[in-house]
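Biologist: Please show me the model. Then take me through its rings and a helix.

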Amino acid sequence: MYPTAKTKDAISKYLTLRGKLHHNFLFVNIDNEPLQRRSVQTRFEKYKEALKFKKQLSPHVFRHTYAKRAIMSGMDAFSLAALLGHSDLTVTCLDRAECSVFFYHKIIFYY
């Protein structure tokens with residue numbers, strides 16, 4: 001992900017407020033320990049209920065949304081695969097099934 005200047009500024013302020021820790025994790029719990037995956041999922045579930053949100057909502061949905069928007073905004077498939085941590089472009093294509101036609105179209109006409 002390429003953070004904007006506004007995002008970089010917000011992270012910088014957060015790190016200053018949070019202070020120095022014995023690890024390099026960005027997000028921490030109340031005990032300043034790394035935030036666990038399940039903690040994030042639980043928060044998504046809590047907010048989904050509070051908002052009475054009917055559609056699926058999870059960190060993975062955010063990941064898919066980011067990938068779809070990146071491709072639709074013109075990011076090339078290889079850069080997206082690298083950002084998502086995929087070692088093979090076919091994994092990215094499978095991961096983004098609803099964008100696959102657009103994805104292949106961009107690859108064919110780009111190269």
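Modeller: Buried means under 20% relative accessible area, exposed over 50%, and partly exposed in between, with a 1.4 Å probe and protein chains only. This is a predicted model, where local features need pLDDT of at least 70 and side-chain atom pairs count only at pLDDT 80 or more, while totals for chains, interfaces and linings use all residues. Residues are numbered from 1 along each chain as its sequence is written, and side-chain values use heavy atoms, without hydrogens and water.

Biologist: In helix H4, which residues are buried?

Modeller: Helices are DSSP runs (H or I, at least four residues), numbered from the N terminus. H4 spans residues 77–84. Its buried residues are Ala77, Leu80, Ala81 and Leu84.

Biologist: How many aromatic pairs does the structure hold?

Modeller: Rings of Phe, Tyr and Trp (its six-membered ring) pair if their centres lie within 6.5 Å; planes under 30 degrees apart are stacked, over 60 edge-to-face, the rest tilted. Tyr14 and Phe27 make a tilted pair, with 6.0 Å between centres and 35° between planes. The total is 2.

Biologist: Is Phe27 buried or exposed?

Modeller: Phe27 lies in the loop between H1 and H2. Its relative accessible area is 52%, so Phe27 is exposed.

Technical notes. Helix = DSSP H or I, 4+ residues; strand = E, 2+ residues; numbered from the N terminus.
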